[in-house]
Amino acid sequence: MDRLQGNKYINKLSTIFTSACLILGTVNAHAEGTISIAQQFGIGYLILDVVRDRQLIEKHGKQQGLDINVDWRTISGATGMNEALLSGALDIASAGVPPMLTVWDRTRGRQNVKAIASLGSMPNYLLSNNPKVKSTEDLSEKDRIAVPAAGVGFQSRTLQIETARLYGKADFKRFDTITVSLPHPDASAALIAGGSEISTHFSSPPFQYQALEHANVHKILSSYDVLGGPATFNVLYTTQKFHDENPKTYRAFYDALAEASQIILADKTAAAETYIRVEKSRLSPELVKRIVEDPEIDFTIVPQRTFVYAEQLQQLGVLKNKADSWQDYFFAEAYNGPGS
């Protein structure tokens with residue numbers, strides 16, 4: 001499996017690091033020219049891999065006469081990501097749309113967290129190795145659904161929206177009791193191997209494609225089914241303070257993302273090679289190339305269908321604040337694109 005070795009060690013370190021920052025009340029008052037960025041696992045972070053590989057933040061900083069020091073980190077799960085951001089231990093967080101909306105909702109009038117850009121539109125598949133489970137409605141108390149952040153992450157919130165459609169809004173947490181937190185690499189390995197409590201995994205690229213190569217694994221649902229079409233998976237977000245106090249660094253970062261998106265679009269074979277090199281992936285180049293070229297996937301920084309989450313989660317009571325449009329929870333630099 002991809003990146004399985006060392007995964008538990010990285011997660012443990014990130015948890016210890018985040019907890020220490022919260023306990024000590026660490027707040028990094030960064031001046032212009034310093035930026036810390038955290039990403040999670042999977043090909044959904046390819047734009048960041050290209051940015052990192054080509055040192056695009058540094059490049060765009062120099063164009064503004066600024067030398068930027070970039071600190072790259074890995075944190076698994078939205079909870080640890082948000083804790084690190086709000087403690088001041090991190091400048092730029094990355095996670096699914098629902099976790100971003102949750103922290104936007106809870107920090108209004110305080111840190112005022114907002115999204116910077118999309119990291120691309122790609123489907124997440126709900127997979128099962130239980131032959132009796134053909135649809136979401138077949139899930140039972142005997143099943144265990146693995147997700148990176150149970151109850152609060154992208155996958156859990158997507159499942160809750162689907163559950164509300166099937167069983168009514170009052171029962172949208174029906175499957176929370178059988179959902180467990182497990183990083184994608186570990187969950188995918190468990191699903192393929194079988195014989196464990198994990199019978200279902202709300203996966204993401206590239207892990208879902210690997211799993212589906214095995215005869216005992218099948219797809220139940222796609223996030224695109226729930227959202228009505230192609231939709232943003234992951235986003236980058238930060239605080240109002242970092243955005244306002246570091247305009248050149250922020251601009252360099254945003255421009256780097258835009259350039260990386262165009263680089264991927266121009267040469268997907270090279271982009272696939274970048275992923276393997278940067279992530280030290282053991283996936284076959286053919287599989288990675290197939291994923292990058294999948295017509296369902298678009299490595300765009302323009303947000304797509306994020307407002308579906310904003311509306312649905314507010315109606316379910318997950319979000320207290322009602323957004324009038326996607327622009328309410330994105331910083332203005334993203335307004336030039338035809339977002340949604």
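The following exercises, each with a worked solution, concern the predicted model shown above.

Residues are numbered from 1 along each chain as its sequence is written, and side-chain values use heavy atoms, with hydrogens and water left out. Because the model is predicted, local features need pLDDT of at least 70 and side-chain atom pairs count only at pLDDT 80 or more, whereas totals for chains, interfaces and linings use all residues.

**Exercise 1. Helix α6**

Solution: 
1. Helices (H or I, at least four residues) and strands (E, at least two) are DSSP runs, numbered from the N terminus.
2. Buried means under 20% relative accessible area, exposed over 50%, and partly exposed in between (1.4 Å probe, protein chains only).
3. Contact means heavy atoms within 4.5 Å. Not counting residues up to four places away in sequence, Glu162 touches Thr136, Leu221 and Val226.
4. Just after the helix, Gly168 takes a positive phi of about 100°.

**Exercise 2. The five-stranded sheet**

Task: State the strand order of the open sheet of five strands, and identify which strands stand at its edges.

Solution: 
1. Two strands pair if DSSP finds at least two bridges between them. The order is β7-β6-β8-β5-β9, with mixed pairing.
2. β7 (179-181) and β9 (218-222) each have a single partner strand, so one side of each is left without a neighbour in the sheet.
3. Axes are lines fitted to C-alpha atoms, for helices over the stretch in contact, and angles run from 0 to 180 degrees between N-to-C directions. With direction ignored, neighbouring strands of this sheet are turned by 25° against each other on average.
4. Strands β5 (residues 125-128) and β8 (residues 200-202) pair in the antiparallel sense over three bridges; the bridge partner of Leu126 in β8 is Phe202.
5. Helix α7 (residues 184-193) packs on the sheet and touches β5, β6 (145-147) and β8, its direction making about 150° with that of β8.

**Exercise 3. The largest nonpolar core**

Task: Give the number of residues in the largest nonpolar core and name the helix that gives the most to it.

Solution: 
1. A nonpolar core is a set of buried Ala, Val, Leu, Ile, Met, Phe, Trp, Tyr and Cys residues joined through side-chain atoms within 4.5 Å.
2. The largest has 101 residues, and Tyr237, Phe253, Leu257 and Tyr329 have the most contacts inside it. Helix α11 (residues 247-266) gives the most, with nine residues.
3. Leaving aside neighbours within four places in sequence, Tyr329 is in contact with residues including Met100, Trp104 and Phe307.

**Exercise 4. Backbone exceptions**

Task: Locate the cis peptide bond, and classify Lys280 as buried, partly exposed or exposed.

Solution: 
1. Most residues other than glycine have a negative phi, and most peptide bonds are trans.
2. A cis peptide bond, with omega of about 5°, joins Pro205 and Pro206. Pro206 is found in the loop between β8 and α8 (207-211).
3. Lys280 has a positive phi of about 55° although it is not a glycine. With a relative accessible area of 69%, Lys280 is exposed.
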